[in-house]
Amino acid sequence: MEVVTSDVGSGVDPRVLAEGLVSRLRTQGFGPGETLAVTLPNGPELAAAFIACARLGMTFVPLHPRLTPSEVDERMRLASVSGALAADGSVIRRRPSQEPTAISPTIILFTSGTAGGARAIALGEVGLLAVVDSHHAALGYPPGTRILGCLPWTHAFGFTLEFLMGLLKGARLHSVPPDAFVDGITRHRPELLFGVPRLVSAVPDAVLSSLAGGIVGGAPIRGSLRVRLERTRLRVGYGQTECSPGATLGRPGEWEHDDFLGRPVGCEIALGSPDEEGGRELRVRGSNVALGSLEGGILKPVVGPDGWLATGDLAVPTDDGGFVFQGRSDERFKLNNGRMVNPVPLELPYEDRVLLIGAGQSMVQPLVRGDIPLDFSLPVPHRAPRRMPESFWAACTTASGKVSRRRAEQLFASS
């Protein structure tokens with residue numbers, strides 16, 4: 001493993017830091033089966049905390065440092081944490097030690113919560129390593145490969161595919177804040193990139209085409225960005241926290257379809273039977289699937305009796321074994337005349353400039369970013385498009401670059 005660096009603490013070897021933390025945790029009686037919450041930015045200290053937890057058989061719970069105190073407390077409660085690592089390096093015990101359970105997760109990560117409250121997902125060693133090995137086999141980068149990124153290691157994409165794979169496969173990781181990403185990638189010229197569409201779209205074409213590879217995921221890729229990526233060796237990736245998070249990959253430079261998801265990698269993918277609206281839900285089965293979700297301190301399976309994870313994502317197959325995203329099943333909405341609307345296919349022609357809402361209303365309400373398209377039309381009853389300010393879109397956009405329809409509906413209703 002090469003040194004993991006960040007703007008703070010650059011050049012510090014996390015293995016050295018981990019030795020000291022292991023000693024402090026043992027001194028305070030922490031051990032196998034217990035859970036440690038860590039609220040730190042990307043960098044050697046966060047890496048050291050993960051290594052220390054792995055050494056002691058503890059469950060690692062990384063929490064984003066920008067969470068509010070109440071959000072941190074709520075996530076610690078959901079994860080039933082035994083102790084917390086403070087920013088100054090001190091360890092605080094939150095509850096007495098207890099005997100290890102039969103199932104001890106390697107890590108607890110939280111979903112983004114774009115469709116509701118964030119959920120605590122317990123991931124095990126087998127699932128994490130399955131994703132690391134299957135995705136590294138596809139990417140094939142050698143030890144010492146330079147990777148610069150800004151994905152938070154507190155979320156599934158950043159943790160497993162940028163941090164953990166880099167840690168185990170000997171990459172040289174350099175993480176920067178999102179607002180320094182474009183400057184950092186231009187200056188450092190890394191070989192691989194892992195990123196979300198919102199940030200990748202700001203990187204100059206010359207830099208993108210110089211990359212040896214990488215994965216773009218976390219949100220649909222469409223329109224002008226998709227066309228730009230056809231001239232690169234970057235590939236699409238798809239998954240969820242419940243998939244550790246990898247489930248599909250595209251080939252390098254394969255961007256023929258808007259909202260393409262790729263093909264199964266290291267797992268099985270199938271489409272469910274059409275529902276009453278004709279939508280087919282993407283389902284995942286394999287060793288990459290999470291141990292379960294934590295609800296009331298109880299670990300509940302995320303798969304059905306048949307072992308399949310229902311993702312909630314709608315998709316259609318391509319002729320060559322891939323899948324194209326068709327929206328979330330919980331994003332479809334019904335007008336007051338009973339007509340069901342699947343907004344994602346209707347929004348596609350407008351390259352993320354149009355968002356459709358209207359649950360329970362007589363007509364669809366189009367919300368527009370920037371100028372209203374001259375050729376705007378919809379095959380469903382709709383009101384006149386409303387142009388919304390950038391402040392509205394900023395408030396609706398998640399860290400991964402997705403626009404939350406739920407947030408948009410709430411903000412529009414209160415405006």
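Visitor: What should I know about the model before we start?
Guide: It is predicted, so local features need pLDDT of at least 70, side-chain atom pairs count only at pLDDT 80 or more, and totals for chains, interfaces and linings use all residues. Residues are numbered from 1 along each chain as its sequence is written, and side-chain values use heavy atoms, with hydrogens and water left out.

Visitor: OK, cavities. How many of 30 Å³ or more?
Guide: The count is 1. A cavity is a set of points, on a 1 Å grid over the protein atoms alone, where a 1.4 Å probe fits but cannot get out. Volume here is the space filled by probe spheres set on the points, which are joined across faces, edges and corners.

Visitor: Which residues line the largest cavity?
Guide: Pro62, Leu63, His64, Arg75, Phe110, Thr154 and His155. A lining residue has an atom within 4 Å of a point. By class, that lining has 3 nonpolar, 3 polar and 1 charged residues. Nonpolar covers Ala, Val, Leu, Ile, Met, Phe, Trp, Tyr, Cys and Pro; charged covers Asp, Glu, Lys and Arg; the others, Gly among them, are polar.

Visitor: And pockets? How much space is in the second largest pocket?
Guide: About 370 Å³. A pocket is an open set of points with protein on both sides within 12 Å along at least five of seven lines.

Visitor: Switching topic. How many residues are in the largest nonpolar core?
Guide: It has 87 residues, and Phe60 is one of those with the most contacts inside it. Helix 2 (residues 44–56) gives the largest share, 9 residues. A nonpolar core is a set of buried Ala, Val, Leu, Ile, Met, Phe, Trp, Tyr and Cys residues joined through side-chain atoms within 4.5 Å. Buried means under 20% relative accessible area, exposed over 50%, partly exposed in between (1.4 Å probe, protein chains only).

Visitor: What does Phe60 touch?
Guide: Not counting residues up to four places away in sequence, its partners include Leu36, Val38, Leu46, Phe50 and Phe159. Contact means heavy atoms within 4.5 Å.

Visitor: Now strands. Which strand is joined to strand 19 by 4 bridges?
Guide: Strand 20 (residues 323–328), running antiparallel to strand 19. Strands pair if DSSP finds at least two bridges between them. Val316 has Val324 as its bridge partner. The two strands form a hairpin with 5 residues between them, and Gly321 in the turn has a positive phi of about 90°.

Visitor: Gly327 sits in strand 20. Why does Gly327 count as buried?
Guide: Because its relative accessibility is 0%. Leaving aside neighbours within four places in sequence, Gly327 is in contact with Gly312, Asp313, Leu314 and Val344.

Visitor: Last one. Is Glu242 buried or exposed?
Guide: Buried, because its relative accessibility is 9%. Glu242 lies in the loop between strand 12 (235–238) and strand 13 (248–249). Its contacts beyond four places in sequence include Arg119, Asn288 and Leu309.
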